[in-house]
Amino acid sequence: MAKNQSRTPGRDVRGGKGRGRAQASRPGGPKGKGARGEKGRGPRPLPGAAHRGPQPRDRGDLIEGRRAVEEALGCGMPLRSALVQERSGERDQALERIAARLEDAGVPVERVPRGRLDALSSHGAHQGVVVRTRPFEYAELADVIAAAGEGDALVVVLDHVTDQGNFGAIVRTAEVVGAAGVVVAKARSASVGVGAYKTSAGAVMHLPIAQVPNLARAIEDLQGAGFWACAATEHAEQDVWHAPMGGRLALVMGSEGEGISRLVSEKCDFACRLPQRGRVESLNVAQATTVLCYEWLRRVETGGADA
């Protein structure tokens, strides 16, 4: 099979008829049987112009504690302001070094009494410093579609991945392979915080990340823009080596514990799994995403061959 855009109408990727559906599950592993993807339609037409523009989060995040603040500075997280405990008695050299780093980074530093920090602290462990981050500016789904252009493109869709470490690692992989963007749900999903900045190695600043209220509808919009939606699930009948992973691909990855939800999986055109010989149940979602993203890149760079 060549590219996704050249599939023959009326046939699925396994040779059957009709439109396949994916079973909800975790992204890796060899077990079970899943739905079959369709081989059928040509590229879907691009939708009409939609409202675009970054969407900031509703509130700024507070980061407290010396190590957390130093990590935020180290990974380049945008910081709006800092509150540092005012000097009293013997100078705290470690705290002063952090204050100096904040000032060197252009972050306004205000000296305040300990009581004000205590009032802001969520768990009483501010260690004399609290910073407020700048709200991360999320993209619209239309921005991701626009970044994809009209040729081969990859969009990673995360179905309620909640761990910031996994989220950041996935964004890093997506940026490295040249994905057009990442799509996440607004509710019950990891947001772009210190953990995501750190594990993404700053990739969150270079790749459109769209928050959407309804992932199933977002998949429909991507399909309307010519993408084929692939559900990564251990229950898929076909493995990744035989799935149509090239072309315009919306790669759907499930949450760490529950995998892909039924409603989201039903919107996908086909499913695939990672083959496995070992005893461990499966890779985690970040590792599995890396393998699948690089398989998409391999297909694109080798002329779109599906196997």
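**Figure 1. The chain has nine helices and 12 strands.** Both kinds of element are DSSP runs, numbered from the N terminus: helices are H or I with at least four residues, and strands are E with at least two. The model is predicted, so local features need pLDDT of at least 70 and side-chain atom pairs count only at pLDDT 80 or more, while totals for chains, interfaces and linings use all residues. Residues are numbered from 1 along each chain as its sequence is written, and side-chain values use heavy atoms, with hydrogens and water left out. Of the 307 residues in the chain, 51% are buried. Buried means under 20% relative accessible area, exposed means over 50%, and partly exposed lies in between, with a 1.4 Å probe and protein chains only. Contact means heavy atoms within 4.5 Å. Among contacts in the chain with a separation of 6 or more, 84% come from residues 24 or more positions apart.

**Figure 2. Helix 5 and helix 9 in contact.** Helix 5 covers residues 164-177, and helix 9 covers residues 285-301. Their axes come within 9 Å and cross at roughly 10°. The two helices are therefore roughly parallel. Axes are lines fitted to C-alpha atoms, for helices over the stretch in contact, and angles run from 0 to 180 degrees between N-to-C directions. Angles under 35 degrees count as roughly parallel, over 145 as roughly antiparallel, 65 to 115 as roughly perpendicular and the rest as oblique. Helix 5 brings Asn166, Ala169, Ile170, Thr173, Val176 and Val177. Helix 9 meets them with Val285, Ala286, Thr289, Thr290, Cys293, Tyr294, Trp296 and Leu297. The residues of this contact divide into 10 nonpolar, four polar and no charged. Here Ala, Val, Leu, Ile, Met, Phe, Trp, Tyr, Cys and Pro count as nonpolar, Asp, Glu, Lys and Arg as charged, and the others, Gly among them, as polar.

**Figure 3. Asn166 in helix 5.** Not counting residues up to four places away in sequence, Asn166 touches Val161, Glu256, Asn284, Val285 and Ala286.

**Figure 4. The second largest pocket, with a volume of about 280 Å³.** A pocket is an open set of points on a 1 Å grid over the protein atoms alone, where a 1.4 Å probe fits, with protein on both sides within 12 Å along at least five of seven lines. Lining residues have an atom within 4 Å of a point. Grid points are joined across faces, edges and corners, and the volume is the space filled by probe spheres set on the points. The pocket is lined by 18 residues. Asp159, His160, Arg188, Leu215 and Ser261 are the closest to its centre. Helix 7 (215-224) and helix 8 (262-267) are the elements that give two or more residues to the lining. The lining divides into nine nonpolar, five polar and four charged residues.

**Figure 5. His160 and Gln127, two residues with positive phi.** Most residues other than glycine have a negative phi. His160 has a phi of about 60°. It lies in the loop between strand 7 (153-159) and helix 5. His160 counts as buried, at 18% relative accessibility. For Gln127, phi is near 55°. Gln127 sits in the loop between helix 3 (114-120) and strand 5 (129-133). At 44% relative accessibility, Gln127 is partly exposed.

**Figure 6. His123 in the loop between helix 3 and strand 5.** His123 is exposed, at 54% relative accessibility. Glu64 is 59 residues away along the chain. The C-alpha atoms of His123 and Glu64 are separated by 9.3 Å.

**Figure 7. Cys75 and Gly76 in the loop between helix 1 and strand 3.** Helix 1 spans 66-74 and strand 3 spans 79-85. Cys75 is buried, at 15% relative accessibility. Gly76 is partly exposed, at 35%. Cys75 and Ser200 are 125 residues apart in sequence, and 9.1 Å apart from C-alpha to C-alpha. Gly76 and Met205 are 129 residues apart in sequence, and 9.3 Å apart by the C-alpha atoms. Beyond four places in sequence, Cys75 touches Val194, Tyr197, Lys198 and Met205. With neighbours within four places left aside, Gly76 is in contact with Tyr197 and Met205.

**Figure 8. Gln211 in strand 9.** Strand 9 covers residues 209-212. Gln211 is buried, with a relative accessible area of 18%. Not counting residues up to four places away in sequence, Gln211 touches Tyr138, Ala139, Val184, Ala185 and Lys186.
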